[in-house]
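Thanks for coming. Please have the sequence and the model open while I go through a few computed features.

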Amino acid sequence: MLPGAFNLSDKNLLLRHGVTDLLQLAQRRGANLHKLLHGTQIFEQDLSLAESRCHHRDWLTLVARSQQLASPELPFILADSLLHNKHSSLCQSLPLAANLATSLRQLYYFRHQLLPGIFVLLRKTDSHLSIVLKPAVQLGTQQAFIIKLAMAFLVRLVQLGTQRADELNIQLKQTSPAHLAHFNSHWPCPARFSQPLDALHIPLSLWYRPFITRQAAGFRDLSRACYQLNRRLPPQRGLLELIQRQLYRALPQQASLEQLASYLGLSSSSLKRLLQQQDTHFAALADDLRCDLANLLLLQSRLSNRQLASELGYSDEHNFRRAFKRWTGHVPSSVRLW
């Protein structure tokens with residue numbers, strides 16, 4: 001595998017950083033622990049060991065089995081459990097930060113210690129910071145659950161630190177759920193479904209607002225513990241994250257497969273093979289990134305089609321408009337500003 005990247009067979013998840021939380025919540029809802037662990041490489045005796053890890057593939061298996069419990073509130077409760085996880089220095093440190101800006105920088109830097117399967121793209125305007133959540137590796141049918149988990153974690157963190165989570169705006173790709181009440185009861189802010197991207201929009205007025213729960217000394221001590229954990233659990237990124245981040249940096253130029261392969265220290269054929277293992281291909285990743293950015297720019301600003309085409313690396317506005325219609329079935333002017 002590519003150096004600095006992980007795949008689903010890597011043991012890059014500490015069991016006590018979310019896996020045991022999920023298992024405990026699933027058991028409270030009637031799941032049998034033996035059946036949950038069956039076929040994975042996680043054993044019951046591992047759950048009590050501080051340094052035990054599991055493969056990312058096993059995490060996805062546990063998520064899939066937990067989804068079968070038909071418990072729509074599970075990702076929200078799991079998010080709250082993670083935020084109060086006494087075994088995770090990262091989770092404990094976040095509410096103790098001086099403000100949201102410091103807390104989210106901490107989460108961003110040490111994210112591999114918690115949810116390495118997703119990554120974020122950030123976009124700032126005069127009034128908002130938008131956080132777009134994207135899969136760092138292929139997540140399959142578990143993607144919606146994991147995105148909801150990450151989104152719920154962020155919303156709960158904002159609420160805990162500022163008591164102003166009602167000022168947030170949420171977009172989710174998933175269709176409107178049958179159990180909409182669960183979303184409304186756990187999220188004090190508007191959530192829109194069937195959207196073109198998974199994103200959380202945070203007013204900049206909250207960015208440096210002092211956290212109610214801030215503790216300078218506690219944050220400093222827990223940050224030191226996060227750095228110490230990095231020696232045993234070094235930062236690794238998913239292949240999809242590495243590629244899309246580099247594509248993002250290259251804009252408005254459109255990097256080629258050969259350029260990306262060279263950047264990653266691979267041959268073009270090796271990169272194609274790795275992407276096939278992730279059930280995707282280079283053109284699809286480039287298209288997905290431009291689609292997310294186009295929708296984000298349309299929501300945040302009043303750029304013309306010509307300006308959007310220029311920012312996203314299209315030769316002219318006609319090509320951009322045609323691509324947008326292919327992505328969404330709509331013309332750019334139909335996207336509603338919020």
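On a 1 Å grid over the protein atoms alone, a cavity is a set of points where a 1.4 Å probe fits but cannot get out, while a pocket is an open set with protein on both sides within 12 Å along at least five of seven lines; lining residues have an atom within 4 Å of a point. Points are joined across faces, edges and corners, and a volume is the space filled by probe spheres set on them. This is a predicted model: local features need pLDDT of at least 70, side-chain atom pairs count only at pLDDT 80 or more, and totals for chains, interfaces and linings use all residues. Residues are numbered from 1 along each chain as its sequence is written, and side-chain values use heavy atoms, with hydrogens and water left out.

The search of the whole structure finds 1 cavity of 30 Å³ or more. The largest cavity has a volume of about 80 Å³. Its lining includes H17, H56, W59 and I146. Helix α1 (15-28) gives the most to that lining, with 3 residues. Helices and strands here are DSSP runs, H or I of at least four residues and E of at least two, numbered from the N terminus. By class, the cavity lining has 8 nonpolar, 4 polar and no charged residues; Ala, Val, Leu, Ile, Met, Phe, Trp, Tyr, Cys and Pro count as nonpolar, Asp, Glu, Lys and Arg as charged, and the others, Gly among them, as polar.

The largest pocket has a volume of about 400 Å³. Of the 18 residues lining the largest pocket, L104, L107, Y108, V120 and L154 are the closest to its centre. Two or more lining residues come from each of α6 (100-109), β4 (118-124), β5 (128-135) and α7 (143-162). That lining divides into 16 nonpolar, no polar and 2 charged residues.

Next, charges. A salt bridge is a side-chain nitrogen of Lys or Arg within 4 Å of a carboxyl oxygen of Asp or Glu, and the count comes to 14. One of them pairs D80 with R156, with the closest N and O atoms 2.7 Å apart. D80 lies in α4 (residues 74-83) and R156 in α7, so the pair ties together parts 76 residues apart in sequence.

Last, two backbone points. L251 and P252 are joined by a cis peptide bond, with omega about 10°; P252 sits in the loop between α10 (239-250) and α11 (257-263). A70 is not a glycine, yet has a positive phi of about 55°.
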